Amino acid sequence: MTAVASTKGTADRVQRLLGVAGLRAVAGLRAAAGLRAVAGLRAVAGLRAVAGLRAAAGLRAAAVLALIAIPGAATAQATLPALAIKSAADGVQTYSLTFQVLILMTVLTLLPAILLAMTAFTRIIIVLSLLRQALGMATTPSNQILLGLALFLTFFVMSSTIDQAYAGGIKPYLDGQMAGETAIDRTLQPLKKFMLAQTRENDLQLFTKLSGRTQFTSPDEVPLSVVVPTFLTSELKTAFQIGFMVFIPFLVIDLVVASVLMSMGMMMLSPTLVSLPFKIMLFVVVDGWTLLIGTLAGSFHR
């Protein structure tokens, strides 16, 4: 009995020791977790403080740069006016550099419209497009090739007119020998002369009547608002006339090929596919490109 009692006492002591050790371990874990939480909060607070300091430093630097830039901007505004037109004693007006750049950008924006409405480009590109349709080839030559050919052929046809416009108006203005309004008038005079040389009398009378004006006594009195639509209408008519003459030989080949195929009973075979080699061969044999470009270049009155 004594041995059993001592054994039970030893077991109770062991359980008590284990319970105390468990409590101490739990307390240690809680203490460690608390220390970690405190350390995390301190780290977050430190990061926020560093970010706030950096933001404040950035704002201070921006304020300093703004204070430095304000006098420079004021000086630039005082020395470089945005738009300025000065009139001399003799009536000649001079434009500031900024105003000249603005005029140049406006002219570059309107350059495609000027190219289409006031040069030989319209007639040339229409005739080349009709030639491609007459040959029966939808994409050969490509649009880029046709545009390039029409553009350089336009420069060739308009070379004398461009030289006169440059020598009469642009060069004296760049040399400071002519006012801006006079330079514009001198530059437009060769272009107006070229356009009036291509227009038809009935087209000019039509647009003169539509504008509500009386008959003009000289070509110099015709304004551009009448010259440009008259020139475009005449160019379209001339281009379609040349295109009709280009279409005739290829149309004859299509008719002959279609008749032969019908007589042979080949109704399912496309006449366009069969006639295409014959049309290309005819165009190459007669040196069609030389004839067409020579006809186009010679059709303009100068």
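The model is predicted, so to speak from a record of confidence: local features need pLDDT of at least 70, side-chain atom pairs count only at pLDDT 80 or more, and totals for chains, interfaces and linings use all residues. Residues are numbered from 1 along each chain as its sequence is written, and side-chain values use heavy atoms, with hydrogens and water left out.

Helices here are DSSP runs (H or I, at least four residues), numbered from the N terminus. Axes are lines fitted to C-alpha atoms over the stretch in contact, with angles from 0 to 180 degrees between N-to-C directions.

| Pair | Axis distance | Angle |
|---|---|---|
| α3 (residues 121–135) and α8 (residues 224–263) | within 9 Å | roughly 25° |
| α7 (residues 201–210) and α8 | 9 Å | about 140° |

So α3 runs roughly parallel to α8 (angles under 35 degrees). The crossing of α3 and α8 is right-handed, meaning the near helix is turned clockwise from the far one by less than a right angle. On the α3 side, the contacts (heavy atoms within 4.5 Å) include Ile126, Leu130 and Leu131, and among their α8 partners are Leu236, Phe240 and Phe247. By class, that contact has 14 nonpolar, four polar and two charged residues; Ala, Val, Leu, Ile, Met, Phe, Trp, Tyr, Cys and Pro count as nonpolar, Asp, Glu, Lys and Arg as charged, and the others, Gly among them, as polar.

Helix α7 is oblique to α8, and their crossing is right-handed. Here Asp203, Leu204, Phe207 and Thr208 of α7 meet Val226, Pro229, Thr230, Thr233 and Ser234 of α8. This contact has four nonpolar, four polar and one charged residues.

Technical notes. Helix = DSSP H or I, 4+ residues; strand = E, 2+ residues; numbered from the N terminus. Parallel < 35°, antiparallel > 145°, perpendicular 65-115°, else oblique.
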